[in-house]
Amino acid sequence: MHQQLDIKLSYKVFFETDIFSLPQKDFWKAILPENLRTNTVVFIDSGVTDAFPFIAEKIHKWSAENLNSLSFPYILKGGEEVKNDFKIIETIGKIAIENSICRHSYFIIIGGGAFLDAVCFAASIIHRGIRQIRIPTTVLAQNDSGLGVKNAINYFDIKNFFGTFYPPYAVVNDKSFLTGLQMRDWISGIAEAFKVAIIKDKTFLYFLVKSGDAILKRDLNVMEKIVRRCAELHLNHIASAGDPFETGSSRPLDFGHWVAHKLETMSNGQLRHGEAVAIGMTIDLFSAHKMGLISSEELHLVLNAMQSNGLKLWSDLLLKKDNNGNYIFIEGLAEFREHIGGELTLIMPNGLGKMKNIHKMPKKLIEESIQQMQQL
């Protein structure tokens, strides 16, 4: 016997401003069924309500006008902390029961990347999947993590240990939410733009090279252009690379991430994902230079550009060693290989705007890169 399943999945990503001021006929009708008569629950990241104190009341009023839902939005703790506590699954499960949620229901999830990861993971396993409308509120979530098909929480001190592949029903990028970000979060999301530009789009990379002043001045129009192009590159890769559920060993969108995931764990969530990615890319860029994949000029062009956009390229966690004198963060190589499965496969730039798979990363090469980073 042989069984073949052909699964076609699609979802739209919208770019809007102040969406909860828009009546359903103007915008929401494009997302939700015209005569929505199913239960819908709204979840909000506490970081969003801190930045916009009246947002929950605004959304509650909007819900009464547009949804068959009377419950006040549920405000839950956001940040990496929410991904480190398995109780989030039980909490959301109880909310689903209280609101008679079924597989025809919707979760509208508003928050940063970690919040979306955790709540969407819970949504994907309740009744084997509740439809998710994601509303990312940070730069990193709008240009990367909120767009894809992956959901996860951390466990056993391993990032994204429990997770699913479950596409959203729709994604809505509302740039007005970016105005409430702290400067640290405004900047850190730029790392994912550099990541995808370095390995996929040289023209976009040169735009980032010139964007430093505008980013530090919080130019929303420039940030919107960065978010849109970065989102486009991520979505195109997911749709066209032939491996949306990552059954193979190559992860082009994980350039710099083998270091980043380990540093995030070592910092107990104190490092933002984007901050860790910037540091991880720096190590890999120095290594790529030593491998002859990029020139010295290309290396320093990218490093200077990341710094001019406000990204920090160093953490003292890189110097932390185990009892045998080995750098602890290098354990991230083995953990990364185990997480993706198969042969160790890392993405490196092969010239700017292009990429190459490598299958070995000598310890000596990493240590030499660390020494150069310290000198820099």
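Predicted model: local features only at pLDDT ≥ 70, side-chain atom pairs only at ≥ 80, totals over all residues.
**Exercise 1.** Which residues of α16 are buried, and what do they pack against?

*Solution.* The buried residues are Leu-365, Ile-366, Ser-369, Ile-370 and Met-373. Around the axis they cover an arc of only 140°, so they are on the same side of α16. Packed against them are α12 (257–266), α13 (273–290) and α15 (331–340). The face turned away from this buried side carries the exposed residues Lys-364 and Gln-375.

**Exercise 2.** Which members of the largest nonpolar core touch the most other members?

*Solution.* This core has 70 residues, and the members in question are Phe-194, Trp-258, Leu-263 and Phe-329. Helix α13 gives the most to the core, with 9 residues. Apart from it lies another core, of 24 residues, including Phe-43 and Val-119.

**Exercise 3.** Classify the aromatic pair of Phe-52 and Phe-177, and decide for each residue whether it is buried or partly exposed.

*Solution.* The ring centres are 5.8 Å apart, with 85° between the planes. An angle over 60 degrees counts as edge-to-face, so the pair of Phe-52 and Phe-177 is edge-to-face. Buried means under 20% relative accessible area. Phe-177 has 5%, so Phe-177 is buried; Phe-52 has 24%, so Phe-52 is partly exposed.

Notes:
Residues numbered from 1 in each chain as written. Heavy atoms only, no water. Buried < 20%, exposed > 50% of the residue type's maximum accessible area, 1.4 Å probe, protein only. Helix = DSSP H or I, 4+ residues; strand = E, 2+ residues; numbered from the N terminus. Arc of directions from axis to C-beta. Contact = heavy atoms within 4.5 Å. Core = buried A, V, L, I, M, F, W, Y, C linked by side-chain atoms within 4.5 Å. Phe/Tyr/Trp six-rings, centres within 6.5 Å; stacked < 30°, edge-to-face > 60°.
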